[in-house]
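Subject: Two-chain model, handover and findings

Hello,

Here is the structure I promised to pass on. Please open it alongside this note, which goes through what I found.

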Amino acid sequence: MKNRLRVLRAERDWSQADLADRLEVSRQSVNAIETGKFDPSLPLAFKLARLFGTNIEGIFTDES
Amino acid sequence: MSCLTKNPAQRRYFRRFFVTMLLYVLFLVTAVLVFVHHHPTGPLAWLLAILPALAIIGQIAAFGLYLAEEKDEFQVAIGVQSMLWAIGGTLSVTVVWGFLEGFVHLRHLDLILVYPIYCALSGIAFGLLQLRYK
């Protein structure tokens, strides 16, 4: 799934490690989500949306 | 080992892993010594024989507990994937070996080696998955 995580992080000047700390996951997890290799669960997607003050569609794009 | 990660679930897993490993060595040495020097029979022999296996079952349970306690869903996914690859690999190796034993009389594969084969394949799968998601 495509996403805007890298852009959203850059806007806040957060590293992957910063975002990982805020989400309470590993940096590797953030990298896997950001590069589209791993799709997060709904609870984690909602957590991301809350963190960036947007909705899930504001971060993730359905490719189909 | 527990100082290698900040993740509490992983730290608990490493701790349980090493405790079960120590128990395995202790139970195995005890069983070997008692069988060599005292030649036990009956229920005591059965109990001593399965003691090392109980430690290995504990190790399998420790991994199950880790998967249940891990809060990072991506780490759970990697753990489950490596376990599935290792189960598939172990079944493949042992079934091929079994047919080779039956048809071309290859050396007998002791069942006690199934778990080490699983552990080795699990380690390889975990390493490859780490590289994939680096």
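In which helix of chain B is B:Val104 found? B:Val104 sits in helix α3 of chain B. Before going on, note that this is a predicted model.

B:Val104 is exposed, because 7 other C-beta atoms lie within 10 Å, and a residue counts as exposed at 12 or fewer. B:Val104 and B:Lys71 are 33 residues apart in sequence. In space their C-alpha atoms are 49 Å apart.

Helix pairs

Start with chain B. The axes of helix α1 (residues 8-38) and helix α2 (residues 42-69) of chain B come within 7 Å. They cross at roughly 175 degrees. That angle makes α1(B) roughly antiparallel to α2(B), since anything over 145 degrees counts as such. The contact of α1(B) with α2(B) has 19 nonpolar residues, along with 4 polar and 3 charged.

Now chain A. Helix α2 (residues 16-23) of chain A packs against α3(A) at about 105 degrees. The axes of α2(A) and α3(A) are 8 Å apart. These two helices are therefore roughly perpendicular to each other, as the range for that class is 65 to 115 degrees. From α2(A), the contact uses A:Gln16, A:Ala17, A:Leu19 and A:Ala20. From α3(A), it uses A:Arg27, A:Ser29, A:Val30 and A:Asn31. By class, the contact of α2(A) with α3(A) has 4 nonpolar, 3 polar and 1 charged.

Helix α4 of chain B

Helix α4 of chain B runs over residues 114-132 and has 19 residues. From first C-alpha to last, α4(B) reaches 27 Å, close to the 27 Å expected at 1.5 Å a residue.

Which residues of α4(B) are buried? They are B:Leu121, B:Ser122 and B:Ala125. Seen down the axis of α4(B), the buried residues fall within an arc of 110 degrees, so they line one face of the helix. On the other side of α4(B), the exposed residues are B:Pro116, B:Gly123, B:Gly127, B:Gln130 and B:Leu131. The cover over the buried residues of α4(B) includes α3 (73-104) of chain B. That is the helix that holds B:Val104.

Between the chains

The contact takes 10 residues from chain A and 7 residues from chain B. On the side of chain A that touches chain B, helix α3 (residues 27-34) of chain A gives the most, with 3 residues. That side of chain A divides into 4 nonpolar, 4 polar and 2 charged residues.

Look also at A:Lys37, in the loop between α3 and α4 (42-51) of chain A. Leaving aside neighbours within four places in sequence, A:Lys37 is in contact with A:Ala32 and B:Tyr133. A:Lys37 is exposed, with 11 other C-beta atoms within 10 Å. A:Lys37 and A:Asp62 are 25 residues apart in sequence and 14 Å apart in space, C-alpha to C-alpha.

Backbone angles to check

Where does A:Asp13 lie? A:Asp13 is in the loop between α1 (5-12) and α2 of chain A. Phi of A:Asp13 is near 60 degrees, a positive value in a residue other than glycine. A:Asp13 is exposed, with 7 other C-beta atoms within 10 Å.

A:Glu24 lies in the loop between α2 and α3 of chain A. Phi of A:Glu24 is also near 60 degrees, positive in a residue other than glycine. With 12 C-beta neighbours inside 10 Å, A:Glu24 counts as exposed.

Best regards

Technical notes
Residues are numbered from 1 along each chain as its sequence is written. Chains are lettered from A and ligands numbered from 1 in the order in which they are written. This is a predicted model: local features need pLDDT of at least 70, side-chain atom pairs count only at pLDDT 80 or more; totals for chains, interfaces and linings use all residues. Two residues are in contact if their C-beta atoms, placed from the backbone, lie within 7 Å. Helices (H or I, at least four residues) and strands (E, at least two) are DSSP runs, numbered from the N terminus. Ala, Val, Leu, Ile, Met, Phe, Trp, Tyr, Cys and Pro count as nonpolar, Asp, Glu, Lys and Arg as charged, and the others, Gly among them, as polar. The expected span of a helix is 1.5 Å times one less than its number of residues. A residue is buried if 20 or more other C-beta atoms lie within 10 Å of its own, exposed if 12 or fewer, and partly exposed in between; C-beta atoms are placed from the backbone. The arc is that of the directions from the helix axis to the C-beta atoms. Axes are lines fitted to C-alpha atoms, for helices over the stretch in contact, and angles run from 0 to 180 degrees between N-to-C directions. Angles under 35 degrees count as roughly parallel, over 145 as roughly antiparallel, 65 to 115 as roughly perpendicular and the rest as oblique.
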